[in-house]
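Reader: I have a new structure to look at. Can you show me how to read it, feature by feature?

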Amino acid sequence: MTTDAPRPAERSRLTGSLGTGSIAFMVIAAAAPLTVIGGNAPLAIGQGNGAGAPVGFLLASIVLLLFAVGFVAMTPYVKEAGAFFSYVTIGLGSRLGMGTAYVALVAYTAIQVGIYGYMGWAVMDLVRHYGGPEIHWSVFAIAALLIVGFLGYRHIDLSSKVLGVALLLEMLVMMIVNIAVLINGGPEGRSAESFDPQVFLTPGLGVAVLFALTGFIGFESTAIYRDEARDPARTIPRATYLAVAIIGVFYTLSVWVLVVASGASNVTEVAQQTLFGSKNMLLDTAGEFAGSLTRSTMQILLITSLFACVLSFHNIIARYQFALAKIGSMPARLGMVHAKHHSPAFSSIVQSITALVIVVIFVVIGLDPLVQVFGYMAGVATVGMVMMMLLTTIAVVFFFLRNPRLRKNVWTATIVPIFAVVALGVSAWLVLSNFTMVTSGSLAVSIGLALVPPVALIVGAIVNRKDGGRTVDIQLDRVLEAESRP
């Protein structure tokens, strides 16, 4: 037997024919649009700049669009489906690349577990609302986990169909409410006061941007589906821009509609009542303007929105593990492709077990599913997301500075990414300076949670260098040699 025989992870790749729409649907589903409008929007309004909150979502969209420009410009030169860690490895070296991979695993696992907590609470609350028995939230969370594990084990086409249906339904019901409010007008008419600089340029604008950014977690995962895309060089860029555009427009419009529905002068009070639990801003708006049936439908679709979200993150994490196994940075079996389903089946099983263990630990500890499980984990994920985007954008800048022959457009390859670095740096400051608002925890707990992604970065850079680093360096040399030829 020769020593250079290919490992199982190197003998096969994931396959699929996902188009632009399918990939965009999956990453938009990860952002859980309906959940963000129901949860993040009242936070941005009540704790942020009130009626000016829609501008916070608009600014967050612009920041992520700036990020997407460099991300897309570098995509043709990234041949591995490793998303952030592949970009950082090529631009900044193997150590930071492996560190970024660890941050991704931690951040996406955290938000996935957080969503299980949120979903368990939401289903428990729905059952209780309709007079059902008192059932612990973990029962619903684990049931969802098992269904997600089944879908993740199978071919990606099945997940994409489930996510596509769930996403269309949740966006459709929100658009029905949006149209109903805009047709009828709120107590102060169809006021555009939200976009008046005197309204949105207040100290709370930064808080609104913060909660808007947390609502975009998952949009950047288009590149993780590279091997399953129909035409990666075209599909990934298109899906990235499409996802940012749809999410950004949807968020900004829907948050503005909430302001119109309550009235600009009254919306902050309504949002704060929602935060204290005496009102539900989104559902009350749906019931008042679109009828009780729409309200009930939306309440159910909030749960399907959470399910679509957690399924998306499960798929992302399974593919991160798969990509790391392919370059020798994780056990080779995680890089195996299922013979029938052509999916990272074993990686999916490992991810399901990991999530189950963490959920059980949180149940044993006795954490509150919404305030603590979701709040704490969303905090870790937000810090990780901003860190990864910042490192990726810096990697884009350095990559094209070192390889000017590959730079087809100085604006998309250098100038816009530099603006994105500045914008993401400001975003990181906003996240960290207002971090207790995200976690709803004490200062000590918040500091501990905020340190998790940086620690993951350091650990990944130190302990996971050996095979993965050398493999990616060889791949990079080959890519650059081919692309640099006249």
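Reader: Why are Arg128 and Asp125 separated by about one helical turn?

Author: Begin with position in the helix. This is a predicted model. In it, Arg128 and Asp125 are three residues apart in helix α6, so about one helical turn separates them. Their side chains meet in a salt bridge, 3.5 Å from N to O.

Reader: How many salt bridges does the structure hold?

Author: Three. The one still to visit pairs Arg295 with Asp284, with the closest N and O atoms 3.4 Å apart. This pair links distant parts of the chain. Arg295 sits in helix α14 (residues 292-326), and Asp284 in helix α13 (residues 281-290), 11 residues apart. Arg295 counts as partly exposed, at 25% relative accessibility. Asp284 counts as partly exposed as well, at 29%. Now look for shared partners. Asp125, Arg128 and Glu134 are joined into one network in this way.

Reader: Let's step back. How many helices and strands are there in the protein?

Author: Count the secondary structure elements. The protein has 20 helices and zero strands. Then ask how much is covered. Of its 486 residues, 58% count as buried. The accessible surface comes to about 18,800 Å², and 67% of that belongs to carbon and sulfur atoms.

Reader: What share of the contacts comes from residues 24 or more positions apart?

Author: Sequence separation is the thing to check here. Among contacts with a separation of 6 or more, 83% are between residues 24 or more positions apart.

Reader: Where do I find the largest nonpolar core?

Author: Start from a general idea. In soluble globular proteins, nonpolar side chains tend to be buried together. Here, the largest nonpolar core has 152 residues. Those with the most contacts inside it include Tyr108, Tyr116 and Phe400. Helix α6 (residues 94-129) gives the most to this core, with 18 residues.

Reader: What does Tyr116 touch?

Author: Leave out residues up to four places away in sequence. Tyr116 then touches Trp137, Ala141, Ala144, Leu145, Val148, Val310, Ala355 and Val359.

Reader: Is Ser262 buried or exposed?

Author: Buried means under 20% relative accessible area. Ser262 has 12%, so it is buried. Ser262 lies in helix α11 (residues 232-262). Apart from residues up to four places away in sequence, Ser262 touches Pro187, Val267, Val270 and Met281.

Reader: Which residues make the nonpolar surface patch?

Author: Leu443, Ile447, Leu451, Val455, Ile458, Val459, Ile462 and Val463 make a patch of about 750 Å². Take Ile447 as one of them. Ile447 is found in helix α19 (residues 443-463). Ile447 is partly exposed, because its relative accessible area is 46%.

Reader: One last check. What is the mean pLDDT of the protein?

Author: Read the confidence along with the fold. The mean pLDDT is 82, and 87% of residues reach 70 or more. Over residues 1-11, though, the pLDDT is below 50. Beyond near neighbours in sequence, that stretch has 12 contacts in the model.

Methods:
Residues numbered from 1 in each chain as written. Predicted model: local features only at pLDDT ≥ 70, side-chain atom pairs only at ≥ 80, totals over all residues. Heavy atoms only, no water. Patch = residues over 30% accessible without salt bridge, like charges linked within 9 Å, V, L, I, M, F, W, Y side chains within 5 Å. Areas by Shrake-Rupley, 256 points an atom, 1.4 Å probe, with all protein chains shown as cover. Salt bridge = Lys/Arg side-chain N within 4 Å of Asp/Glu carboxyl O. Helix = DSSP H or I, 4+ residues; strand = E, 2+ residues; numbered from the N terminus. Buried < 20%, exposed > 50% of the residue type's maximum accessible area, 1.4 Å probe, protein only. Contact = heavy atoms within 4.5 Å. pLDDT = per-residue confidence, 0-100. Core = buried A, V, L, I, M, F, W, Y, C linked by side-chain atoms within 4.5 Å.
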